[in-house]
Each structure stands twice: as C-alpha cells, then as structure tokens.
Amino acid sequence: MVAAEFVVVANRLPVDRVVTADGEEIWRTSPGGLVAALEPMMHTVDGAWVGWAGMPDLELAPFTADGIRLLPVPLSASEIQLYYEGFSNDTIWPLYHDVIAPPQFHREWWDAYVTVNLRFAEAAATAVAKGGTVWVHDYQLQLVPEMVRNLRPDVTIGYFHHIPFPAHSLYAQLPWRDQVLRGLLGADVIGFQRTQDAANFIAAVKRRLGYETKAALVAMPDGRHVHVKAFPISIDTTPYRELARRPDIRARAAEIRAGLGNPKRILLGVDRLDYTKGIRHRIKAYGELLDQGRISVEDATFIQVASPSRERVDAYVHLRDEVELAIGRINGDHDTLGHTAIRYLHQGFPREEMVAMYLAADVMLVTALRDGMNLVAKEYVATRADNRGVLVLSEFTGASDELKQVVRVNPHDIEGMKDAIVVALEMPREEQARRMRSLRKRVLEHDVDAWSRSFLKALEHAAAHRHHTHEQEHA
Ligand code: G6P
C-alpha cells in the first residue's frame with residue numbers, strides 16, 4: 001500500500017456496512033455530524049481515512065469509496081460492547097455532556113478502550129508517510145495522539161474534539177482522567193468547538209498534571225508545545241443551497257405541507273435519538289401549548305425526525321420509550337382526523353428529503369441540553385435562501401456562540417420555551433428576513449472549508465515550529 005501524506009483517524013469510516021431488511025449487505029453514509037463535516041474535506045486532499053465499518057468482526061482490505069481511500073479497522077462483537085457502547089458511549093459521552101445521564105465507570109471498558117485505541121494508532125502509524133500528518137477525531141480515540149507519537153515521532157499530529165469538554169468538577173470523576181489528558185497531549189494541535197471547551201481542557205491539564213500553560217500553549221515536560229484552541233466546525237453549504245433551489249425539492253416541500261393537512265405553521269426537530277438533544281423537553285413544551293389552547297393542531301404541526309442511534313445502550317432504550325410514550329399521549333389527546341400534533345419519524349432520510357423538510361419548516365427547534373456544535377441548525381440556515389423561517393436555538397449548543405439572531409432558549413425552562421415557540425410562530429416576515437440574512441452571512445462565510453483550512457494552518461504552523469526547535473536543539 002502507498003503511504004499517505006495525510007491520514008484521518010475517526011471511529012467510523014464515512015460509510016457503514018449495513019444489512020437491509022431483505023438481508024442484502026450495502027454501504028450507507030455513516031450517521032452524525034463528524035462524518036458530515038469531514039467528508040467534503042477528504043475529497044480535496046490526497047489522503048486516507050482509518051475507521052471502523054460499523055459491523056462486528058469485519059476484516060476488510062483497504063478500498064476506495066467515492067474517491068476516498070478507506071482503511072478499515074476491525075472490532076469484535078465484544079469490543080463493540082466494551083469500547084464503543086461501553087466506554088465511549090456510556091462513560092465518556094454522558095460525562096462530557098455534563099452528566100445529563102449518569103456515566104458508568106467499568107475497568108474492563110477502559111481496558112478495551114486502551115486496546116482498541118492502540119489498534120487505530122497502529123493502523124494510522126502504518127499508513128502515514130514519513131513526515132506526514134495524522135488528524136485524529138473525537139472522544140472515542142483520545143489516547144491515539146500519544147500512541148501515534150510514540151510509534152511515529154516524525155509525523156505531525158492534530159486532534160479535534162467534536163463534543164463538549166466538561167468543567168473540571170465533572171471531568172475529575174473519571175478514574176482515568178490523567179491518562180486521557182496525556183493521550184490527548186500527544187497531539188501538536190488540539191482543537192475544540194468552543195473557547196469554553198478549550199479553557200476547560202487547559203484548566204484540567206493545569207490542575208491534574210501541573211504543566212505550565214501560556215495563553216493557548218501547554219509546555220510539555222519533553223520540551224514540546226501543544227497548541228489548544230477553539231475551531232468551531234461547520235457544514236459544506238453548497239449541496240444544501242443547491243438542493244434548496246431545485247424545483248422538484250421545492251415541490252416536495254409543498255407536498256409535505258399538504259400531506260399534513262396544510263397547517264398554518266410547521267415546527268421541525270431533527271436529531272439523532274439522543275438524550276443530549278432535549279427532545280423530551282421540546283415535546284413537553286409543545287404538548288403544554290396544545291393543552292392550554294395557546295395553539296391548535298391546525299395552527300402548528302410538529303414534525304420530529306429522530307434517527308435511530310446507539311440502540312443497545314440502556315439510556316437510549318429508555319429515552320426511546322419515554323419519547324414515544326409522550327408523543328403517543330399528545331397525539332391521542334390532540335389529533336383530529338385531518339391533522340396530527342406530532343408527526344414522529346424514527347428513521348434517517350436522504351439529504352434531498354431533509355432539505356424538503358427544512359424548506360417546509362416555518363420554525364426549526366434545536367433545543368439540546370448540551371451539544372458540541374449542532375450542525376442541523378446550520379443546515380437549516382443554509383437552505384433558507386428565501387430568508388424565511390425562524391431558528392429556535394438552545395444556549396447550550398456550540399452553534400449558539402456563533403448564531404446570534406435566533407430565538408434563544410434554555411431548554412430546562414419549559415415556560416420560557418413555550419413563550420419562545422409562540423414568538424417564533426408569530427414572528428413577522430420582515431423580522432424573520434432580517435434575522436435569517438445575518439444568520440446566513442455567518443454560516444456561508446464560516447463553512448466547513450474555512451474550518452478545516454484554519455485547523456490545518458494551525459497544524460502546519462505547529463509542525464514548522466517543531467522542526468525549528470528540533471534543528472536548534474541539534475545544532
Ligand atoms: C456525534 C459524534 C460522532 C459520532 C456521531 C454518531 O456526532 O461526535 O463521533 O460518530 O455522533 O454517533 P455513532 O455512535 O453512531 O457513531
């Protein structure tokens with residue numbers, strides 16, 4: 001295999017191997033914001049992507065899909081349970097999302113996390129060319145930067161953290177807190193979504209490891225300097241803008257509205273079915289507005305797309321039960337034969353259909369309790385070239401640091417959220433346009449291309465600095 005100058009390492013490959021209802025095995029785009037953000041960048045560089053293909057015990061040779069070289073890393077059924085569902089998604093995910101669900105701490109999960117991280121690190125170390133670059137992504141692989149550095153001291157290493165990094169008071173619960181910090185500090189540049197995440201990380205490094213820090217630089221005992229900074233991620237706006245212009249998709253948006261009985265307004269929520277997304281809070285607020293007669297199903301139908309996620313993790317099983325019970329009750333109480341209160345879709349959809357839904361939605365509800373960024377908010381804005389529609393956005397999302405002209409909500413405050421929904425439903429056209437214009441300016445200027453360019457520039461800078469220091473030391 002030809003060594004690659006640039007290697008991305010992420011838990012998932014951009015495509016997942018899945019079995020369809022007819023038993024056929026196919027490749028499908030992987031879920032989540034990480035893949036959505038990284039995929040466009042990979043088309044512009046000559047690189048390779050190391051990741052898992054989404055199924056147990058799949059030993060696959062490297063292959064190329066959609067122009068991207070993919071290097072699959074196998075996971076056994078037990079590793080999926082201990083490393084992916086366990087440590088990644090039942091320890092780190094809830095801990096880093098401010099313990100919205102209680103994190104579980106199990107030593108055997110940690111052991112599997114170390115083993116699997118080493119496998120990813122070895123795959124990256126084998127794939128990368130001499131003096132090349134390895135870019136590691138997200139919370140599933142926090143030990144990989146240090147492991148790659150040990151295996152390949154010649155390469156430049158970046159790490160980007162797609163989810164929040166918590167305050168030290170919460171982070172300190174992690175039994176392996178020092179090992180994880182050391183793992184991350186193997187990178188030359190560590191990127192976070194928000195300045196607060198970067199500040200939380202720096203504070204943890206100071207408190208736990210006692211390393212000196214100056215502004216955004218951590219001084220390591222081995223003489224290296226690690227650059228820590230916020231690089232808010234974004235989307236490739238082009239396909240959203242193009243699809244939103246297409247007559248067939250605009251017709252589909254009208255068809256969606258007609259299919260719901262032409263309600264005066266459509267509210268939309270689009271999330272992975274995850275307890276961090278505030279889906280229950282949003283449903284409660286909407287249900288109470290109906291109960292109190294402040295709105296009716298003819299005034300405002302609510303479409304909730306909840307794509308299936310991590311379905312074998314207990315907290316997700318419970319969430320699904322709670323969400324479906326709540327929706328069943330609200331629909332039972334308020335549906336008419338012509339109109340439904342909540343049209344619930346426990347499915348993922350192709351981008352064309354998502355854009356049609358965004359175009360049909362008068363109000364987009366993004367009410368996460370904690371979210372690294374939330375790219376759905378940016379997708380909605382990117383499609384609304386007509387300058388119509390209102391974005392209701394939780395202050396606990398990374399996106400809220402950037403998107404100012406929204407109807408901002410605290411999703412824990414149900415009364416506040418009810419008022420915000422009513423304000424959004426009643427917002428005059430001119431005000432919608434004024435706000436949407438400024439939101440669009442931000443999203444179109446700060447797209448995913450700008451994000452990856454600024455991260456890679458910081459990485460280049462760090463590499464140049466490292467070489468310089470190295471030469472001085474050996475002069
Ligand atoms: C978030 C995470 C990603 C993850 C995605 C989907 O966006 O930041 O790392 O891949 O959710 O979750 P899953 O567990 O299906 O990979």
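Trainee: How many nonpolar, polar and charged residues are there in the lining of the second largest cavity?
Mentor: Please keep in mind that this is a predicted model. The lining of the second largest cavity has four nonpolar, two polar and two charged residues.

Trainee: Which residues line the second largest cavity?
Mentor: The lining is made by Asp-274, Tyr-275, Gly-278, Ile-279, Arg-280, His-281, Leu-319 and Leu-369. Helix α10, residues 279-291, supplies the largest share of this lining, with three residues.

Trainee: And what volume does the second largest cavity have?
Mentor: Its volume is about 30 Å³.

Trainee: Which residues line the largest cavity?
Mentor: Its lining consists of Gly-389, Val-390, Leu-391, Gln-405, Val-406, Val-407, Met-427, Gln-432, Arg-435, Met-436 and Leu-439. Two or more of the lining residues come from each of β17 (390-394) and α16 (429-445).

Trainee: Which element gives the most to the lining of the largest cavity?
Mentor: That is α16, which gives four residues.

Trainee: How do the residues of that lining of the largest cavity divide by class?
Mentor: Seven are nonpolar, three are polar and one is charged.

Key
Residues are numbered from 1 along each chain as its sequence is written. This is a predicted model: local features need pLDDT of at least 70, side-chain atom pairs count only at pLDDT 80 or more; totals for chains, interfaces and linings use all residues. Side-chain values use heavy atoms; hydrogens and water are left out. On a 1 Å grid over the protein atoms alone, a cavity is a set of points where a 1.4 Å probe fits but cannot get out, and a pocket is an open set with protein on both sides within 12 Å along at least five of seven lines; lining residues have an atom within 4 Å of a point. Ala, Val, Leu, Ile, Met, Phe, Trp, Tyr, Cys and Pro count as nonpolar, Asp, Glu, Lys and Arg as charged, and the others, Gly among them, as polar. Grid points are joined across faces, edges and corners, and a volume is the space filled by probe spheres set on the points.
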